[in-house]
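Dear colleague,

Please find the structure below.

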Amino acid sequence: MLYPRKKFRKVYIEISNLCNLKCSFCPQTYLQRESEFMKADFFRSLVKQVSPKVYLLCLHVMGEPLNHPQLPEFIKICEEEEQAVSIVTNGIQLNEQNVQALLNPTVHQINFSLQSFGDNFPKANNKDYLDRIFSFISLVLDKRSDMHINLRLWNAGHDQKTIDQNSEIIAEIAKFLDLDFAEIAKLSLKGHRIKGNVFLNLAERFEWPELNDPIVAERGFCVALKNQFAILVDGTVVPCCFDREGHIDLGSCRKMSLDDILADERAQKLRKGFQQNKIVEDLCKRCSYRERFN
């Protein structure tokens with residue numbers, strides 16, 4: 001089968017900016033924005049505009065997508081538009097309704113941020129939490145073996161307590177999947193296929209860019225508006241998922257079409273700047289994550 005070529009690899013739609021946790025590695029300043037759930041009609045209008053342009057639609061920027069009471073309806077909308085979906089979740093709210101929704105064939109990938117539980121509940125036993133995620137993975141292996149599951153630990157080497165917690169989580173993963181713990185424990189910092197379409201994704205903790213941070217660089221490249229862009233819950237289009245406050249406001253999908261926003265002067269200037277190895281926007285100049293693309 002021939003698939004149509006699409007311009008973007010990923011587009012992020014923030015269906016909610018509310019989260020059920022307060023992680024230390026996730027900035028809380030986005031709470032200054034009005035907290036809201038995206039309405040289904042508006043989401044449908046966005047998916048219809050986005051779907052011809054993107055391979056994978058990610059249902060988050062900030063917030064926890066499993067928080068959204070209409071998540072099953074949103075996933076159904078994506079199925080109707082034949083749009084592949086990616087979910088990033090802490091996994092706390094894997095209730096029956098969400099589990100059934102996530103098993104939908106249009107859900108291509110689910111990323112579990114496993115560092116979230118210990119960061120929020122440092123004195124609690126994580127057994128029930130991990131067992132809930134492992135039960136879901138068992139369902140996926142049985143019913144949706146084509147789905148990609150990423151088990152993320154994006155806090156490697158942060159401190160000794162974190163190192164110990166990560167080691168315990170990796171030991172539980174190895175036990176669940178009947179793998180050699182010693183082999184998994186020595187894996188390098190990147191994504192590793194550990195069984196079928198189950199991956200262990202190890203990375204260092206990253207810093208979110210802030211406008212009052214020192215400048216990191218004024219020249220360089222980024223995949224923003226080349227491979228991705230994001231739409232915040234209020235409809236504001238931003239060049240990437242790191243602009244959680246909408247500082248680089250390219251336009252509102254409530255006022256303009258997405259095509260017009262992406263063709264507008266500010267978006268074109270940013271995109272052409274990166275093509276010329278020149279960083280145009282102040283927030284981008286302060287982003288250390290961008291250096292990974294150089």
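**Findings**

The accessible surface of the protein comes to about 14400 Å², and 48% of that area belongs to carbon and sulfur atoms; accessible areas come from the Shrake-Rupley method with a 1.4 Å probe, and for residues only the protein chains shown count as cover.

This is a predicted model, in which local features need pLDDT of at least 70, side-chain atom pairs count only at pLDDT 80 or more, and totals for chains, interfaces and linings use all residues. Residues are numbered from 1 along each chain as its sequence is written, and side-chain values use heavy atoms, with hydrogens and water left out.

The protein has 10 helices and 10 strands (DSSP runs numbered from the N terminus: helices are H or I with at least four residues, strands are E with at least two). Its C-alpha atoms fill a box of roughly 55 × 45 × 40 Å along the principal axes. Of the 294 residues, 51% count as buried (buried means under 20% relative accessible area, exposed over 50%, partly exposed in between, with a 1.4 Å probe and protein chains only).

One residue is described here in detail. His68 lies in the loop between strand 2 (54-58) and helix 2 (71-80). His68 is buried, with a relative accessible area of 2%. Leaving aside residues up to four places away in sequence, His68 touches Ile15, Ser16, Phe37, Met38 and Phe74, where contact means heavy atoms within 4.5 Å. The side chain of His68 also reaches the backbone nitrogen of Gln70 at 3.0 Å.

How values were computed: Polar contact = N/O pair within 3.5 Å; in protein donor to acceptor, adjacent residues only side chain to side chain.
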